[in-house]
Amino acid sequence: MIYFKLPFDERLLSADEKNIKNAVNFYSYNGSEHISFHGNIVEVNSEEFAHTSITNEGLIKDPTNTAAETKEEYCQTLREVIEVIKENNLPKIVYSRRKIFTDFNTINYKTSFKNLCESYPNAFRYLFNDGENAWMGAFSELLGKFNKSTHQFETMALAGTLPVSEEWSEKEIEEQKPVTTYIQDILKNYSDNVNQSETYDHISGNIKHLRTDFKTIIKPEDLDKLIQDLHPTPAVCGIPKDFCNENIRKYEKFPREFYAGYIKIETEESILYFVNLRCARLYKDAVHIFVGGGITAQSNPEKEWTETELKSEAILKNLVIS
């Protein structure tokens, strides 16, 4: 079962499972896991959906038996990560954690998903359960959009996070720059003409990011290789990619699973790729919310903790609990 909505599109969509075509694909962060929903993409009858019940009762129990990282543990690890950044003169490393929520009897996921869709109209929003894995999320970072007719490819550099009311500091501005450079350098391998926008504010619910857009024309046969080159971007990993991935494995307390991986959706006109952020794995007795942030030499562990708490609200505030 999968339900999803595309950015700025309030049609409720699903995969009809009537053929073997891969309609929607979820790829884990490290590429070792892959979930496909087969068939054609179809619009769901709103009346039918209104009579559908989706709660935590139909999900598997949390098998992990682990406790979430405390604030003290998180800040201590972050101090170690900042030392690695300083010693190696790195632009940034992205460090993530899980927030584990268990304070509930029943969660109405159908209504929670509806709330999520209303809160983030500019995001790719989804809810799925394949029997073993159940996830929900909403995020608007575009890893790639390929137009099948014109061969135009679009992507974005999205980094830096603040509450909407706050002003950007040097930390966030410096965090976004290497993401922009990284994407520009990769696209130049596939095209001689890359259009880059000015950097501007991207609003996502109660927080904002710095965003730069890119457009170019590529060969259709290069699309898969380009996506592999882009993922993981510095916005979810850091620079240089291999070194940062090595330290992510070393310092993070949990595997990322599908968090910070990507989602591929193929329509008649386009092939879309979204980064899977602001997401949670759903269990019968727990919700694992994945949150992270770009860490630089200027990062303050306490402030980074507050930022991840703010990000977790994207899921938590929309849950309908009893």
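This is a predicted model: local features need pLDDT of at least 70, side-chain atom pairs count only at pLDDT 80 or more; totals for chains, interfaces and linings use all residues.
Local features were kept at pLDDT of at least 70 and side-chain atom pairs at pLDDT 80 or more, while totals for chains, interfaces and linings use all residues. Residues are numbered from 1 along each chain as its sequence is written, and side-chain values use heavy atoms, with hydrogens and water left out.

Start with the nonpolar packing. In soluble globular proteins, nonpolar side chains tend to be buried together. A nonpolar core here is a set of buried Ala, Val, Leu, Ile, Met, Phe, Trp, Tyr and Cys residues joined through side-chain atoms within 4.5 Å; buried means under 20% relative accessible area, exposed over 50%, and partly exposed in between, with a 1.4 Å probe and protein chains only. The largest such core holds 70 residues, and F4, V24, F26, Y126 and F153 have the most contacts inside it. Helix 2 (residues 71-87) brings the largest share of this core, seven residues. Helices (H or I, at least four residues) and strands (E, at least two) are DSSP runs, numbered from the N terminus. Another core, of 28 residues, lies apart from the largest one, with I54, Y109, I289 and V291 among its members. As for F4, its contacts (heavy atoms within 4.5 Å) include V24, I41, F113, F124, Y126 and I265, leaving aside residues up to four places away in sequence.

Next come the empty spaces. Rolling a probe the size of a water molecule over the atoms shows where empty space is left. On a 1 Å grid over the protein atoms alone, a cavity is a set of points where a 1.4 Å probe fits but cannot get out, and a pocket is an open set with protein on both sides within 12 Å along at least five of seven lines; lining residues have an atom within 4 Å of a point. Grid points are joined across faces, edges and corners, and a volume is the space filled by probe spheres set on the points.

There are three cavities of 30 Å³ or more by this rule. The largest cavity has a volume of about 200 Å³. It is lined by 23 residues, and T161, A235, L277, G292 and K311 are the closest to its centre. Strand 10 (152-163) gives the most to this lining, four residues; helix 4 (170-187) and helix 7 (301-316) are among the elements that supply at least two. Sorted by class, the lining of the largest cavity has nine nonpolar, six polar and eight charged residues (Ala, Val, Leu, Ile, Met, Phe, Trp, Tyr, Cys and Pro count as nonpolar, Asp, Glu, Lys and Arg as charged, and the others, Gly among them, as polar). The second largest cavity comes in at about 50 Å³, and its lining includes S96, R97, R98, F254 and F290. Strand 6 provides three residues there, the most of any element, and the lining splits into three nonpolar, one polar and five charged.

The largest has a volume of about 520 Å³, and of its 26 lining residues, P7, L142, K145, L272 and F274 are the closest to its centre. Strand 13 (207-217) gives the most to that lining, with four residues. The second largest pocket, of about 380 Å³, has 20 lining residues, with Y29, N30, G31, N245 and R249 nearest its centre. Here helix 6 gives the most, four residues.

D242 counts as exposed because its relative accessibility is 63%.

Finally, helix 5 (residues 223-230) has L223, L226, I227 and L230 buried. These residues cover an arc of only 100 degrees around the axis, so they sit on the same side of helix 5.

Conventions
The arc is that of the directions from the helix axis to the C-beta atoms.
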